[in-house]
Amino acid sequence: MTTQVMHQDFRTCPVTGLKVHRDAERLIRANAVAATVSLLIGGIAAVLVLLTRWQAVHLLPAHWFYRILTVHGMSMLIFFILFFEMGILYFTSAVLLNSRVAAPRTAWGAFWLMVGGALVVEWAMWTGRADVLFSSYVPLRAHPLYYLGVILFAVGALVVTILFFATLVVAKRERTYQGSVPLVTYGGATAAIISVITLGHGAGIYIPTFLWSLGLMEVDPQVYRMVWWALGHSSQQINVAAMVAVWYLLGALTVGAVVLNEKISRTAFVLYILFISLASAHHLLVDPGMGPAWKIVNTSYFMYMAVLASLIHGFTVPAGIELGQRLRGFSDGLFGWLRRAPWGDPGFSSMVFSIVVFGFVGGITGVTFGTEQINIIAHNTLRIPGHFHSTVVSGTAMAFMGLTYYVIPLIFRKQIAFYPLARIQPYLFAGGMLVFSITMTFAGTFGVPRRHWDISFAQAPFDVQFNPAVDLLLGVMAVGGLVAATGGAIYILVTVSSVFFGKPLEAPVGAAAGVPPGIAAPPRHLPDADRINEELHSPARGLWGPAPGTLALVAVFLLAFVIYYFVNWKLLSFVWKVG
Amino acid sequence: MPPEQDPATDPAEPIPLGQRFFDNWLLLMVLGIAIMLVVFTGWGLYEITSLKPAPLP
Amino acid sequence: METHTGIESPKGVWWKRAHPTERMWVVIAFGWCMVLFAMMPLWHFKGGQNPAGVRYRVKPADYMRRTQEFIAAYKVGIDQGIPIVEPPPGSDIYLIGLSFAWQPILKLRQGTEYTLHLSSLDVNHGFSLYPMNINFQVVPGYDYGLRVTPTEAGDLRIVCNEFCGIGHHTMVGRVIVTDSAGREVAAAERAALTREATP
């Protein structure tokens, strides 16, 4: 295979100056389209499920509810998110490093393998051959092709992950960049490494389970749960790393956010690499197979070192945004940088909502329920999906949607269609999901079960009367969900229209109608930014430091965390003695 | 940044060990996989398989 | 002082000391992480709720037989075709999860400790005791023995909160907790207890 790269295999981006490999561009586009199709399927399923758990409507009959719930989980958590992340891997390797993609033909093969696997799995689910829910706990049994489809998809994703690293090697060898890789690429590498851990365990459990579904071997149910969650929860940690990388990326593109300290930010990514996958134990805290020592060490991401990493990013990301804004001259008072930020830029607003909801709702609830003992009052209640909708949906998916508004002009080189709708989309989606997640979590504290078709228990031998507040909560939850779904539908409308029917973007890029501000007028620091930066870092400012607004915000966050955490210990102390 | 415009690393300034460690994605991957396989998977399997049969009097 | 964004390669040595504010935040965050970590072992020693239990492997057929002996020994009644069992204080008590019912109905006494064994005869089930909101995973092939002490009298429910098949939402069991004198809670009080239960 030739390594002689022709000049016309690249184009130069008129906005960033990066050299974009044409194969990288095509691969990003293909994965983005596949991600959006998966999002559409998962989104339709979301609305159907939501209208069923809203007991007043109770749309689907029981067997369709469990079936569509399976479709929703798989299409969103595996297909949508992973296709999008493959695009991010190509972007953070080839594009950010001005490099060619290593082995483009293999990359395309991997893409089609993922598409094929996804189609097989969707067919199995929709035809009722896999009514086993996203986690497919053995001994619940699906059709063998269901497991095979997942394996094919995972193999494709693993190949793309390997090609990411191969591209890093190629870029280094061909000296397409100097020094260390950019921080955003480092975040991509973090996601890719966690992906190897995740998919390795996925293969380790889906291959035996596939054989079991053919009657060829036994699979122990407790071993299944343990190894499956090493895939199931770790795949969400890929999402965390990718999301944080996207925060740094969107920060740079929308407001010229700076990196405060590479060592600190990269330390946080390294802590993710080493320890974040351990918290797959979150789902196993009230399982019989493992003891307290294993549970405590693993659920804590090894003494909460990966939580430390998130707390670090929780400071450095907004601080970088604040600093970037101050260096552009928006430096009045404690929060002038935030008030005068580009809130009409859908890339910016998506990023901020992602950071805030992921941190305040997702992070705090996750660490709290992930405590070995507090899990007793949370496991399998609606608190769990309430938590993960505030992390992977309001966090990761929101960030990915924000990124799309830059991918459309930068990679698809189209203007954004229906741009006024695009500008409000993040507000609708984030607002709806916030209401959805909070009411769902609250309903869970009353004991409402997850994955359950009928909490009126009409067909059960004994009556169960939930507090009447539960009906109100689920109704409000449904409304929040419908608002979010509208936001999701707008996202799909905007992206599909832009990509297939949008006006091409001409260089040089001016303030055309459908172009976010970060591209029409890229953020520039003031000419004397270095001097301003020196002042902001001077000891005369004391401990408030260069980003006082952020310091105030993280103090509020920490206070909320401490309160929520200890309130839950108190709640736990009221129940039966259990030991 | 395109390589043509970029000053090369100052040869007089040695790269600290920590920076070289962080730049070594392969080593980090090996460590990440190893920690997971030992602390979560390996220990977990050991926990499950070392459970005794219930006495059931 | 140079600045760069996250999409630019840092030049030369970037392994540098951070600003004191950033370092202060890392120290505070680290301190909070140590508090988080300390809480779990601490609660094992000082707290009343832990998922430790006594845990074993078990063959479903053996567990079923043992539960049937248990039912035969302490049966005091029947409700909806499910036997009601009133075991002596401090004893090992057995609950079966089997699609789509919980067997038997346990009649326990407030303030008394029992070792509650949980297992499934077929697929995963979720033991969710309502309204106290106590939740445990019930796995076939495993016996999860939890030392429990009911804290107040009432007529409780066991909701299955792990998907176990098409009848999952009909899988509801019952636990009766008598007061410390052995009396059942009256029906009207019982209804009030479950409806007004708040977290």
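This is a predicted model: local features need pLDDT of at least 70, side-chain atom pairs count only at pLDDT 80 or more; totals for chains, interfaces and linings use all residues.

Q: How many residues does the contact take from chain B and from chain A?

A: It takes 24 residues from chain B and 35 from chain A.

Q: And which helix of chain B gives the largest share of the side that touches chain A?
A: That's α2(B), with 16 residues. Both α1 (17-23) and α2 (25-49) of chain B supply at least two residues each to that side.

Q: What's the side of chain B that touches chain A like by class?
A: There are 17 nonpolar residues there, plus four polar and three charged ones.

Q: Switching to chain A: which residues of helix α8 are buried?
A: In α8(A), residues 292-299, the buried ones are A:W294, A:K295, A:I296, A:N298 and A:T299.

Q: What do they pack against?
A: The buried residues of α8(A) pack against α2 of chain B together with α1 (20-46) of chain C. Just after α8(A), A:Y301 has a positive phi of about 50°.

Q: New topic: at what angle do α2 and α3 of chain A cross?
A: Roughly 170°, with the axes of α2(A) (residues 62-95) and α3(A) (residues 104-126) coming within 10 Å. An angle over 145 degrees counts as roughly antiparallel, so α2(A) and α3(A) are roughly antiparallel to each other.

Q: Which residues make that contact?
A: From α2(A), A:R67, A:T70, A:V71, A:M74, A:F79 and A:F83; from α3(A), A:M114, A:A118, A:V121, A:M125 and A:W126. By class, the contact of α2(A) with α3(A) has nine nonpolar residues, one polar and one charged.

Note on methods
Residues are numbered from 1 along each chain as its sequence is written. Chains are lettered from A and ligands numbered from 1 in the order in which they are written. Two residues are in contact if their C-beta atoms, placed from the backbone, lie within 7 Å. Helices (H or I, at least four residues) and strands (E, at least two) are DSSP runs, numbered from the N terminus. Ala, Val, Leu, Ile, Met, Phe, Trp, Tyr, Cys and Pro count as nonpolar, Asp, Glu, Lys and Arg as charged, and the others, Gly among them, as polar. A residue is buried if 20 or more other C-beta atoms lie within 10 Å of its own, exposed if 12 or fewer, and partly exposed in between; C-beta atoms are placed from the backbone. Axes are lines fitted to C-alpha atoms, for helices over the stretch in contact, and angles run from 0 to 180 degrees between N-to-C directions. Angles under 35 degrees count as roughly parallel, over 145 as roughly antiparallel, 65 to 115 as roughly perpendicular and the rest as oblique.
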